[in-house]
Amino acid sequence: MEREKTGIRGVDSMVQGGLPKSSIIGLSGPPGVGKSIFALHFLLEGARKGQKCVYINLEEPRENIDTMISQFSFADEFMKFVKQEKIVVKCFTYPEYEKIYSDLLQKIREDSSIHRLVVDSFNVFFTAVSHPEALSIPSEVNIRRMINQAFSMLRRKGLTSILILEMSRDSRHGFYYNIPYLVDGTISLDFLELGTIERRIFIPKMRWTSQHKESKAYEITGKGIKVFEEKE
Ligand SMILES: Nc1ncnc2c1ncn2[C@@H]1O[C@H](COP(=O)(O)OP(=O)(O)O)[C@@H](O)[C@H]1O
Ligand SMILES: [Mg+2]
């Protein structure tokens, strides 16, 4: 199995050296756990390998993304890859969702140079559950079919994809359309708040991989995400 490193050493060692190539990984957790920062590491690692990486953000304007990047020690290197179009950053705002899902997939289908894809966050497409007609989708069954078709296309094209799944604390199992069953792997970031923040990463599912069975502690610093080895 070919592996694609996430760029976070402590994560790669939890999954036999990296994510399975051509897999679709759901990265889940409540707000503020570092999902977007995790994505930056993944994109940067790809660009360092000469891969073309695409980051789609559906929630925040471009300025916010640039501000986030600028905080980290790898900012200059990251922005250099952006200038070279090794990392392509695309931001969309709410009213466009109904169009972008199909447009996006069409673009990805046509561009065979993309190696890595991040959608931040994927469930934004489907938060229109209460009014699915906004997506011109007749039923839940069709949404599942739509997701399945998109996933097959991504795998066929050999893209390694991270789909960020925004989760609220109280709807722990409230994933949309059983996305965890459809993806090849899930990585969960979470934290305990007990006067101080304790961050944990857990990998409940990773196809074709004997993944690390326990959760590990991590921290976020100016260098990004660092996962602690157990003895630390
Ligand atoms: N320079 C930094 N040093 C320490 N922690 C940081 C730094 N920058 C961001 N963070 C932490 O990262 C969190 C935001 O990460 P982010 O990836 O945006 O979360 P998510 O995408 O899961 O909502 C903040 O809540 C903060 O705790
Ligand atoms: Mg985020």
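Predicted model: local features only at pLDDT ≥ 70, side-chain atom pairs only at ≥ 80, totals over all residues.
Residues are numbered from 1 along each chain as written, and chains are lettered from A and ligands numbered from 1 in the order written. Local features need pLDDT of at least 70, side-chain atom pairs count only at pLDDT 80 or more, totals for chains, interfaces and linings use all residues, and side-chain values use heavy atoms, without hydrogens and water.

Ligand 1 is surrounded by 13 residues (each with a heavy atom within 4 Å of the ligand). The closest are Gly32, Lys35, Ser36, Gln71 and Arg199. Helix α2 gives the most to this shell, three residues; α2 and strand β10 (216-221) each supply at least two. Helices (H or I, at least four residues) and strands (E, at least two) are DSSP runs, numbered from the N terminus.

| Protein atom | Ligand 1 atom | Distance |
|---|---|---|
| Ser36, polar side-chain atom | oxygen | 2.9 Å |
| Gln71, polar side-chain atom | nitrogen | 2.9 Å |
| Ile220, backbone N or O atom | nitrogen | 3.4 Å |

The protein covers 66% of the 580 Å² of accessible area that ligand 1 has on its own (Shrake-Rupley method, 1.4 Å probe).

Helix α2 (residues 35-48) also packs against helix α4 (residues 75-83), at an angle of about 60 degrees and with the axes 10 Å apart. Axes are lines fitted to C-alpha atoms over the stretch in contact, and angles run from 0 to 180 degrees between N-to-C directions. In contact (heavy atoms within 4.5 Å), Leu40, Leu43, Leu44, Ala47 and Arg48 of α2 meet Glu77, Phe78 and Phe81 of α4.

Technical notes:
Polar contact = N/O pair within 3.5 Å; in protein donor to acceptor, adjacent residues only side chain to side chain.
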